[in-house]
Every structure is written in C-alpha cells, then in structure tokens.
Amino acid sequence: MALLSGQAGQGDAWAQPQTGLPVSDLVINTAAGPKKFRVELANTDASRSRGMMFRTQMAPDAGMLFDFFTEQPASFWMRNTLIPLDMIFIKADGTILNIHQRAIPHDETSVNSAGPVRAVLEVNGGTASRLGIKPGDKVDHAIFGRKP
C-alpha cells in the first residue's frame, strides 16, 4: 500500500519490496487485551510512497506504520500491492479513528481517513476483525508518546 503518488518510469529495480526500514514494537489496547506487533516505520516521503508494494507475504504479528509527523487527512491505494491489507488510521494521541478492512490488492480506489491522522498502520487483511481492533482503541508506540 502506498500513498497516492505516481511512480511511473522508475524501472525494474524499483519494482522490489523496500527493505532496511527502522523496526519497533507497537501495541494496540483492545477490549480483549493488548495486541502486540513488530512494525516497520515508514517516516520519509520515499518510504511512505513505496509502502507495502511488491511484498508477497507478511508475518501475522507484523505491520508497517506510516508516520506523517502531524495530523492530516490521509489517502492510500493498493497499486502494486500484492496482499490484502487492513489500514488502521490513528490520531496524534494514539486513538484509532477508523479502519478500512481487507483492502483489495492492485485496487487503485482511494482509501481515506475519516479525518486528520498522525499515522496509518497497515497489517494483514482480516487482522483487525480477527483481533477485535476497533475505532477508539489506543495504540502504544513512541511516535504517539505512548511507549509499548
């Protein structure tokens, strides 16, 4: 999944999953208890633009956290994304604003936040439903000032 942006003409080398992103722990506090993830941090324009493109799999407890540094409306699409994803839109205080479940691979339809968000967490499609993650749940991660 990537932010809406064009990547035409980047060549075959570009059509590979990105690697080398910082990795950290993240916890979502649900009604059923804390759910732990190990996430890659996409915190540059380039890493946010590439996102989860070209990946064929992701561990069940993994994800990618897109950090915008300030709250803003967020819009994503699934161009060049090969696996279904849940997109969890998170406000600056770590509160989940909205969730888009099971985004369809290769779909170029915009998936939007319901308002301004600081970050978006992408996890495997169906994870939010399976773990009972809902809007209003709190996310613990250093970018929200809430360490797990």
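Is Phe-76 buried or exposed, and what is its relative accessible area? Phe-76 is buried, with a relative accessible area of 0%, where buried stands for under 20% relative accessible area, exposed for over 50% and partly exposed for what lies in between (1.4 Å probe, protein chains only).

This is a predicted model, in which local features need pLDDT of at least 70 and side-chain atom pairs count only at pLDDT 80 or more, whereas totals for chains, interfaces and linings use all residues. Residues are numbered from 1 along each chain as its sequence is written, and side-chain values use heavy atoms, with hydrogens and water left out.

**Aromatic rings**

A search of the whole structure finds three aromatic pairs; rings of Phe, Tyr and Trp (its six-membered ring) pair if their centres lie within 6.5 Å, and planes under 30 degrees apart count as stacked, over 60 as edge-to-face and the rest as tilted. The pair of Phe-66 and Phe-76 is edge-to-face, because the ring centres are 5.0 Å apart and the planes stand at 85°. Phe-66 belongs to strand β4 (residues 62–72) and Phe-76 to strand β5 (residues 75–77), so this pair ties together parts that are ten residues apart in sequence; helices (H or I, at least four residues) and strands (E, at least two) are DSSP runs, numbered from the N terminus. Like Phe-76, Phe-66 is buried, at 0% relative accessibility.

Phe-76 also forms an edge-to-face pair with Phe-89, at 6.3 Å centre to centre and 75° between the planes. That pair links distant parts of the chain, with Phe-76 in strand β5 and Phe-89 in strand β6 (residues 85–90), 13 residues apart. Phe-89 counts as buried at 0% relative accessibility, and ring pairs link Phe-66, Phe-68, Phe-76 and Phe-89 into a cluster.

Strand β6 pairs with strand β7 (residues 96–103) in the antiparallel sense over five bridges, two strands being counted as paired if DSSP finds at least two bridges between them. Within this pairing, Met-87 stands opposite His-100 in β7. The two strands β6 and β7 form a hairpin with five residues between them, and Gly-94 in the turn has a positive phi of about 90°.

Arg-102, placed in strand β7, has a phi near 55°, a positive value in a residue other than glycine, and is partly exposed at 47% relative accessibility. Phe-54, in the loop between α1 (45–50) and β4, likewise has a positive phi, near 70°, but Phe-54 is buried, with a relative accessible area of 15%.

**Salt bridges**

The structure holds eight salt bridges, each being a side-chain nitrogen of Lys or Arg within 4 Å of a carboxyl oxygen of Asp or Glu.

| Salt bridge | N to O distance |
|---|---|
| Arg-38 and Asp-25 | 2.9 Å |
| Arg-48 and Asp-45 | 2.6 Å |
| Lys-138 and Asp-93 | 3.4 Å |

Lys-138 lies in strand β10 (residues 138–140) and Asp-93 in the loop between β6 and β7, so their pair ties together parts that are 45 residues apart in sequence. Lys-138 is partly exposed at 28% relative accessibility, and Asp-93 is partly exposed at 41%.

Arg-48 and Asp-45 both lie in helix α1, three residues apart, about one turn of the helix. Arg-48 is buried, with a relative accessible area of 8%, whereas Asp-45 counts as exposed at 61% relative accessibility.
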